[in-house]
Amino acid sequence: MNRRDFLVNSSLLVSAGLVARAQSAASAPSTPPAPKAPPAPAVTEFRLLRRDVGIFTGRGGTIGWLANKDALVAVDTQFADTVALFLAGLPGRGGRKLDVVINTHHHGDHTGGNAIMKPATHSIVAHANVPKLQFNAAEKAGTLTKQVYADTTFPNVWRREVGGEIVTAQYHGPAHTSGDVIVTFEKANVVHMGDLFFNRIYPVVDRPSGASFRHWITVLEEAAKTYPSDAIYVFGHGSAKYGVTGQRGDLLVFRDYIAALLAHVEKQIAAGEPKAKIAALENLPGFPDFHLPLPNRLSGNLGAAYDELTEKKS
Ligand SMILES: [Zn+2]
């Protein structure tokens, strides 16, 4: 973790009545193995990263924010309960409406707070594929009535100058889903990766929503070379040990994981192994930081890699 990440504004935490703690609560992925007990109430934290840009962790995907006297921006909305705490504690908000909220993609742990956020923001922005993916997922889950969708969408790049900052959302093609964007705060030099980055944990890969492991490698390489070498990267999820922020080198660790996963599965397919046997591996050798006892998401990763590598080209 980066030293700059520890620039915690403790006075804000105290004034907001919020408690800081380790990142584990913030790291709950969108499709975890079934929990044995009901989840504990979310413990939330605001952390300033650089300039007026910071993160909020609670439950679900990490929220990024810009807060100063001229502008308020949020990246992702977690869930209804935690986004309410976010709105209550956002530094210096004082009842102001947000200028804009960006959804990095459609998953419920990144858009579940949209309904609470909607009356508190002038606009919700997402990639053009997001509303349809969000609708499809909600239809399947029986949660259509709870959905609030982006009012502004774009196919490639969205950019806005606000509060002395330049905020950009950029689509790089299919990876975790087919609607993920990278959001940058250019002057603060902070890059929010959403779920294009899972920090040292097996990722969620949503093939029904158009995910692609192979193109995910390209996206990570683009993200590593596009931004300044001292950029602070914000991650949708991370392990308790590594947390939800990092640097360029971290991106390449995850790139290497996906490349090794695909190479492993390709080799197994070539050896004639069936999908069920390939997907039964407990942990992928070479990535001890990712390791978790079964049930973990590696099996899903292996199965998705198998499907991707064996799918017929139309
Ligand atoms: Zn996701």
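**Close-up views of a predicted model**

**View 1. Arg51 in a strand-to-strand loop.** Arg51 counts as partly exposed, at 44% relative accessibility. The model shown here and in the other views is predicted. Arg51 sits in the loop between strand E1 (45-50) and strand E2 (53-57). Its phi is near 55 degrees, a positive value in a residue other than glycine.

**View 2. Asn189 in the loop between strands E10 and E11.** Strand E10 spans 181-185 and strand E11 spans 190-192. Asn189 is not a glycine, yet its phi is positive, at about 60 degrees. With a relative accessible area of 12%, Asn189 falls under the 20% cut-off, so it is buried.

**View 3. Packing of helices H6 and H7.** Two packed helices are described by the angle between their axes and the distance between the axes. Here, the axes of H6 (residues 213-226) and H7 (residues 248-270) come within 9 Å. They cross at roughly 165 degrees. Angles over 145 degrees count as roughly antiparallel, and H6 and H7 are therefore roughly antiparallel to each other. Their crossing is left-handed. On the H6 side, the contact is made by Phe213, Arg214, Trp216, Ile217, Leu220, Glu221, Ala223, Ala224 and Lys225. H7 contributes Arg248, Leu251, Leu252, Phe254, Arg255, Ile258, Ala259, Leu261 and Leu262. By class, the contact has 13 nonpolar and five charged residues, with no polar ones.

**View 4. A cis peptide bond at Pro295.** The bond runs from Leu294 to Pro295, with omega near 0 degrees. Pro295 is found in the loop between helix H8 (275-278) and helix H9 (298-310).

Notes. Residues numbered from 1 in each chain as written. Predicted model: local features only at pLDDT ≥ 70, side-chain atom pairs only at ≥ 80, totals over all residues. Heavy atoms only, no water. Axes fitted to C-alpha atoms, helices over the stretch in contact; angles between N-to-C directions. Helix = DSSP H or I, 4+ residues; strand = E, 2+ residues; numbered from the N terminus. Parallel < 35°, antiparallel > 145°, perpendicular 65-115°, else oblique. Left-handed = near helix turned anticlockwise from the far one by under 90°. Contact = heavy atoms within 4.5 Å. Nonpolar A, V, L, I, M, F, W, Y, C, P; charged D, E, K, R; others polar. Buried < 20%, exposed > 50% of the residue type's maximum accessible area, 1.4 Å probe, protein only.
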